[in-house]
Amino acid sequence: MTTNYSELLKRGVQTRRLRRKSVNGFMLSLTGILTLLALVPLFWIIGYVIYRGGKTLNLAFFTQLPKPMGMAGGGVLHAIEGSLIVTLMATVLAFVPGVLAAFYAARNPNTPLGIALRFSTDVLSGVPSIVVGLFGYTLIVKPQGHYSAFAGSVALAILMLPTIIRTTEEMLKLVPGALREGSLALGASEWKTSLNVLLPAAMDGVITGVLLAIARAAGETAPLLFTTLGNERFDLGSIIKSGVQNHQGIFQIMGRIFNSPIDSLPLTLWKYAQQPYPERVDQAWGVALILMILVLTINVIARIWIELRKKKLRG
Amino acid sequence: MKISKTNIQKLLKKFGQLFNHGDRPWFGLLILMSILVLVLMVGIGYLLWRDSALSRSSFGLSFLLPTKDPSWDPVNSDFQAWPFIYGTLLTSVVALLIAIPISLGIAIFLAELCPAWLRTPLNWLVELLAAIPSVVFGLWGIFIFLPQVVTPIGNALYSAFKNVPGLSAFFAGPIPQSGSSRLAASLILAIMIIPTISAVSRDVLNAIPPSQREASLALGSTQWETIWQILIPYGSSGILGAVILGLGRALGETMAVTMVIGNSIEGTISILRPGYTMASIIANEFAEAVSKLHTSSLIEIGFILFVLTLSLNVIARLLVWSVTRKNPQEARS
Amino acid sequence: MDMKIEIKQKGDWVVDDNPNIKMKTTYLSVNYGKFRALTDINMEISEQKITAIIGPSGCGKSTLLRSFNRMNDLTPSARIEGEIALDGENIYGKNVDVVDVRRRIGMVFQRPNPFPKSIYDNVSYGPRLYGIRDRNNLDGIVESSLRQSALWDEVKDKLHQSGMSLSGGQQQRLCIARALAVQPEVILMDEPASALDPISTLRIEELMHDLAKSYTIIIVTHNMQQAARVSDFTAMMMIDETRSGRLIEYNATNIIFTRPQDKRTEDYVTGRFG
């Protein structure tokens, strides 16, 4: 009965040829179109942010505190200072535990603690940022009785931790085992090997990971909503000045900074975007531009670094 | 004790000596930090559970369930979370429905069709979309996306389904003039989760051995037939994982959603009307919540969100892991 | 099915009075970017005969084989010069439908690569692309293909099990059945038994004899004894000083292995190198 099937197939070949060809061409083109489509919002947002934000940016924007509502002019210095302070502190808080935990995970991936660690890192990376903000509130703000930059930086640190752990762990795994064994064979202790040999070898990748974590943290709003709250009157300059005038030690001044409610760029954007004053809305676009430049620059730097490292490895 | 240079030097020396006596303090430190991460994860769950005790005991399970007349009434201390659960589920599901086909298309293009020189820049551009802060999405959403895209679509949907029995309730409207609506939230969420779903799906497709493609093409399949009938089914569990990861992200997305969803406790089910999601009500009300019951209710909502995203995240990771580690069964001779 | 281990004996080369030429290459050259993998290959493939392509590693045997069903097109940097004709028509011609070329010229790969589907679905994948949906027809095609590849008796009761659950030799026969299901005219085999144990290898070789009654077979092999056992014609390939693959000698298998014309061929088949 083979002839029967042969006829069937020949007929099928003829009748289906055009249809298969057209479906193929159509669907393949569709995927290309969809890819372009997905990039439209990217360029639309960037374009608009540059267009409307660019109009607001001037020196005063960067160097002045906000004027009272409704009045034109003023700047977002408080938010810039706030973002820097909170993000910096968050990085400091997250970096050491993150790298150390990654050392553990890289060396002992199959112990119960190692598995639990990887599991927790995964879980933490999926926690919504607003939930982390709630956690920061219940952990620090409520017991302390006040909002603070410190609470905000703890929340951001929790968000940064999984990224830092994961990147560092991956980088450590890439370091050839021979390096570690060589160092140990020379008599160096484990911790010296880790800090003086392994970490520098993995440093490039670790830094990229930290950069990307910073880029993410700098743009986060939700975790700061109920931890730092926002503070339009925060003035770093005057805090330092008054501290010096009153002979306060550096730790005291820092304490004052970290314990006060503080604003940040994303928070300011959030607030200004919803206010009825058009000047504030314009300033919101300006803040958006600053944020975008910040985030995009870090991403570009990280990318270029990665590509350079790849080229270095290829020799 | 004076903080002088010599004192600090002495302290550091003592510290260093401690370390030189074996690596035990080092390992201890590593273990401590790892436990810290564990504690964090547990701690978040625990604190949210503890601080929502008041509302849990006051309302019990009815807090979550759909009732005829859900109320969210800070004045009369009556809280019911169903409208927010509904809002979250609705916007996330609609966002997924829109995002999945687009993300699959992108993944297929990037993995199978894109010329090599274009691959890195395109991958990077799609990743860049994921790097845009949520508030910036929201700002663009309010002033550009809503008036130019959402409102026209909303009006079109409203007139299209006005007289269709059954569906008219779902598209009841009209859409508010500003455009703030669940529809807006769904659309913006779709844009925001496309990078996640497409990047992971693309990795899944790239992990499929070339021999499968060769086998299919050598039989006389077109490229599309190979992709649709061989590759996608082969990577289906990984792609499902990608989708679940996207869903997890959608559930927790706060700022952009809050800025475009209208934040209203209307009782309608329509997608064209404003609403709330679990994340957006917390963002909107927490800072001003006064009564303990109000605060506790909001924290309880946060706890639900935590559990939801945790479960989804675990399932997704397992699925993706199962595909990218899959070794095609070597021919046993 | 009884296992017969048979070493096929060939008598003197019998000249076919009217050999039909199924495929013909004319000054075929294949370039990958700047590298010229094959230069000026001229050969004729006789219909319903088994043609073997032999030569040392890296001489371009697989590249040549893959040119026959345009699988080289999958490599972005590949450029073809010259022609390959199937029944007189150039398969690299302007308006040629690649998809149809690949249907008519099937391929079996070195490592069996069944789809992670059921045995039934593996074999019926091809016919279904052509709109054959009816259950009875599909059943018939599946059975016929599996019989032709000598796998039917072993799997007829477990058609819905995964193709990956079979042994290596069975998987390879499944891949052959899968290729047969779309009614090809030529079957290309790229070292089809090199990943298999000796017994499976012999079964595949037996299979080839049966298949040659209906199909034209071109096989690449690094195993000279296999080429001698199985093929009617043998093509000897080697790389020249520019590391490009060339056809050194092409003749009836009997002649290649007993009275080779070129010294390089003689060295290779007598095992002096390779």
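## Contact between chains A and C

Chain A gives 11 residues to the contact with chain C, and chain C gives 12. Two residues are in contact if their C-beta atoms, placed from the backbone, lie within 7 Å. The side of chain A that touches chain C has 5 nonpolar, 4 polar and 2 charged residues. Ala, Val, Leu, Ile, Met, Phe, Trp, Tyr, Cys and Pro count as nonpolar; Asp, Glu, Lys and Arg count as charged; the others, Gly among them, count as polar.

This is a predicted model: local features need pLDDT of at least 70, side-chain atom pairs count only at pLDDT 80 or more, and totals for chains, interfaces and linings use all residues. Residues are numbered from 1 along each chain as its sequence is written, and chains are lettered from A and ligands numbered from 1 in the order in which they are written.

## Domains of chain B

Chain B splits into domain 1 (5-51) and domain 2 (68-324). The bounds come from an automatic or database domain assignment. The domain centres, taken over C-alpha atoms, are 39 Å apart. Domain 1 and domain 2 of chain B each put 5 residues into their contact. On the domain 1 side, these are 3 nonpolar, 1 polar and 1 charged.

## Helix pair in chain C

Helix 6 (residues 168-180) and helix 7 (residues 198-212) of chain C pack at about 20°, with axes 9 Å apart. Axes are lines fitted to C-alpha atoms, for helices over the stretch in contact, and angles run from 0 to 180 degrees between N-to-C directions. Helix 6 of chain C is therefore roughly parallel to helix 7 of chain C (angles under 35 degrees). Helices are DSSP runs (H or I, at least four residues), numbered from the N terminus.

Helix 6 of chain C contributes Gly168(C), Gly169(C), Gln172(C) and Ile176(C) to the contact, and helix 7 of chain C contributes Ser200(C), Arg203(C), Ile204(C) and Leu207(C). The residues of this contact divide into 3 nonpolar, 4 polar and 1 charged.

Technical notes:
Helix = DSSP H or I, 4+ residues; strand = E, 2+ residues; numbered from the N terminus. Parallel < 35°, antiparallel > 145°, perpendicular 65-115°, else oblique.
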